[in-house]
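Q: Please take a close look at one part of this model. I would like the helix packing described contact by contact.

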Amino acid sequence: MKNGIGDYSLSIVGKWKPHGGGTLSHPLIYHGIDAAAVALEIWERSFGPYTRQRLAQALGLKLDENQENTASRLIAFWIGLHDIGKASPAFQIKNAGAAQTLKSAGFPFPKNTNNNSTHHNLVTAQVLCDVLKRIHNGANEAALREVALAVGGHHGSFASARALNNLNGDEVGNGKWKEARLGIASALVKLLGVGNGVAAPLDKLAENHAFFVTLAGLTSVCDWLASAEGHFFPHDGAPTSGDEYEYWKWARCRAKALVKESIKWNRWDTPAAPQKFEDVFPHLGDIEPFPLQKEAHSLAQDLDGPALVI
């Protein structure tokens with residue numbers, strides 16, 4: 001790439017599919033960018049003020065626009081690394097073309113590497129904490145471990161201590177593999193503006209289980225949307241220059257079109273005043289609301305927020 005993660009970067013694949021008698025591949029860094037772009041769009045378009053503030057508070061950030069922006073980019077950065085475990089011999093061996101290119105670039109593929117024995121989400125859960133410690137220098141390590149477990153659980157289950165302890169180190173990859181994983185993370189740092197200077201304190205995050213469940217769910221959704229065919233990969237309009245900044249701008253546009261126009265996940269904004277029954281359900285035409293519904297609207301005039309009325 002032109003802006004910073006090595007000549008090998010586009011050869012580390014995140015996705016591929018048969019195409020014209022060959023294989024069409026999507027670089028891992030691009031899939032990470034896709035997921036991060038979707039995360040930012042969901043934050044900006046789908047999450048309401050309360051949700052954004054709760055997540056920012058969990059990160060130890062203040063409740064202002066600037067700090068919320070930091071929170072959104074930090075969370076998007078973590079989500080963009082959900083598949084960092086694919087930068088490993090166990091995953092790259094699955095794609096013969098990628099494996100051959102990476103071998104030629106000096107990436108070790110031990111003889112006992114088995115393309116069926118180690119799932120990439122387990123590798124993510126194991127290696128992501130070390131990557132994040134290099135990025136968020138001095139941040140709370142317990143919190144970073146929980147981030148790695150939550151993000152690594154994007155396929156529906158969290159890695160157990162036993163599963164992580166049983167991982168084959170040769171299939172996880174050291175040396176150039178560690179360098180590659182850090183390089184991918186560093187590229188996302190530049191795109192999203194996170195790192196030592198703007199990272200949240202995270203001091204109390206490790207015990208906030210609700211935050212990690214939310215992060216895990218959001219990661220799964222963003223991965224699902226970023227993997228939807230026709231929106232990011234494959235797509236005829238995707239940039240081919242190898243410049244991650246150019247691809248980032250394109251991915252942000254694609255994410256906006258996906259969330260705003262295709263799935264229409266626009267947040268519900270609280271109206272200035274309680275709405276009448278006929279305004280909420282205009283498709284019912286001349287059907288009269290029941291007395292209870294009329295009374296609920298009347299009582300709502302005196303409430304200043306959500307309430308249970310008995």
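What is the handedness of the crossing of H6 and H10?

A: The crossing of H6 and H10 is right-handed. A crossing counts as right-handed if the near helix is turned clockwise from the far one by less than a right angle, and as left-handed if anticlockwise. This is a predicted model, in which local features need pLDDT of at least 70, side-chain atom pairs count only at pLDDT 80 or more, and totals for chains, interfaces and linings use all residues. Residues are numbered from 1 along each chain as its sequence is written, and side-chain values use heavy atoms, with hydrogens and water left out.

Start with the two helices themselves. H6 covers residues 120-135 and H10 covers residues 176-192. Helices here are DSSP runs (H or I, at least four residues) and strands are runs of E (at least two), numbered from the N terminus. The axes of H6 and H10 lie 10 Å apart, at an angle of about 50°. Axes are lines fitted to C-alpha atoms, for helices over the stretch in contact, and angles run from 0 to 180 degrees between N-to-C directions. H6 and H10 are therefore oblique to each other. The cut-offs are under 35 degrees for roughly parallel, over 145 for roughly antiparallel, 65 to 115 for roughly perpendicular, and oblique for the rest.

Now the residues of that crossing. H6 contributes Val127, Val131, Arg134 and Ile135, and H10 contributes Arg181, Leu182, Ala185, Ser186 and Val189. Contact means heavy atoms within 4.5 Å. By class, the contact of H6 with H10 holds six nonpolar, one polar and two charged residues. Ala, Val, Leu, Ile, Met, Phe, Trp, Tyr, Cys and Pro count as nonpolar, Asp, Glu, Lys and Arg as charged, and the others, Gly among them, as polar.

H10 also packs with H3. Their axes come within 10 Å and cross at roughly 155°. H3 and H10 are therefore roughly antiparallel to each other. This crossing is right-handed. On H3 the contact uses Arg73, Ala76, Phe77 and Gly80; on H10 it uses Ala185, Leu188, Val189, Leu191 and Leu192. Seven of the residues in the contact of H3 with H10 are nonpolar, one is polar and one is charged.

Next comes H12, residues 244-262. The axes of H10 and H12 come within 11 Å and cross at roughly 60°. H10 and H12 are therefore oblique to each other. Their crossing is right-handed. Ala187, Lys190, Leu191 and Leu192 of H10 meet Glu244, Tyr245 and Trp248 of H12. The contact of H10 with H12 has five nonpolar, no polar and two charged residues.

H3 has a further link. Arg52 and Glu68 form a salt bridge, with their closest N and O atoms 3.3 Å apart. Arg52 lies in H2 (residues 49-58) and Glu68 in H3 (residues 65-80), so the pair ties together parts that are 16 residues apart in sequence. A salt bridge is a side-chain nitrogen of Lys or Arg within 4 Å of a carboxyl oxygen of Asp or Glu.
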